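Take a look at the sheet first, then at the charged pairs. The text below follows that order.

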Amino acid sequence: LLQRTHPVEKVFAASSGTISTHGTITNDFFTLYEQSAKPLVGQPLYITLDLSLESEVTPFVSWIVTTVIDSTGAALSYERLPLDWMKDKWTGPGNNLKDVMLIPEIPPQAKTITTYLWNMEKVPFIINNGTVKIYRIMP
């Protein structure tokens, strides 16, 4: 791997605040963060995920997805983190999911950016504490 001669500069853009399911749920989709894409048009994004995620089901077949959609609902960008590929068991104290997603430059026709958990098998899970933070990647 090559190391950059200059580190990537990122500037804070937004945050979800505290995320919680408020108990165990079986929803197939759970929104972690959503906002208008307009203030971020033309910028690539760096998204940090910090979640306390628990499920008794092994493996927990779910993805964290960030999608950018236009006014017709068409996906302009779709990035995912397959949780069941990361590890089988999602239990334990503290924030056990810390990861990053990189989103390509947001196109001018983008309307909404949404980050959500897709619980493919609709099994019970809980998020006790979490945040999603959005950063603009500076050229």
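Two strands pair if DSSP finds at least two bridges between them. Strands (E, at least two residues) and helices (H or I, at least four) are DSSP runs, numbered from the N terminus. The model is predicted: local features need pLDDT of at least 70, side-chain atom pairs count only at pLDDT 80 or more, and totals for chains, interfaces and linings use all residues. Residues are numbered from 1 along each chain as its sequence is written, and side-chain values use heavy atoms, with hydrogens and water left out.

Start with strand 4 (residues 62–70). It pairs with strand 7 in the antiparallel sense, over 9 bridges. Ser-62 has Asn-119 of strand 7 as its bridge partner. The open sheet around them has 4 strands in the order 2-7-4-5, with antiparallel pairing. Strand 2 and strand 5 (75–82) are the edges, each pairing on one side only.

Now the charges. A salt bridge is a side-chain nitrogen of Lys or Arg within 4 Å of a carboxyl oxygen of Asp or Glu. The whole structure holds 2 salt bridges. One joins Lys-122 and Asp-28, at 3.9 Å from N to O. Lys-122 lies in the loop between strands 7 and 8, Asp-28 in the loop between strands 1 and 2, so the pair ties together parts 94 residues apart in sequence.

Lys-98 forms a salt bridge with Asp-50, with the closest N and O atoms 3.6 Å apart. This pair links strand 6 to strand 3, 48 residues apart. Lys-98 is exposed at 59% relative accessibility, while Asp-50 is partly exposed at 23%. The cut-offs are under 20% for buried, over 50% for exposed, and partly exposed in between (1.4 Å probe, protein chains only).
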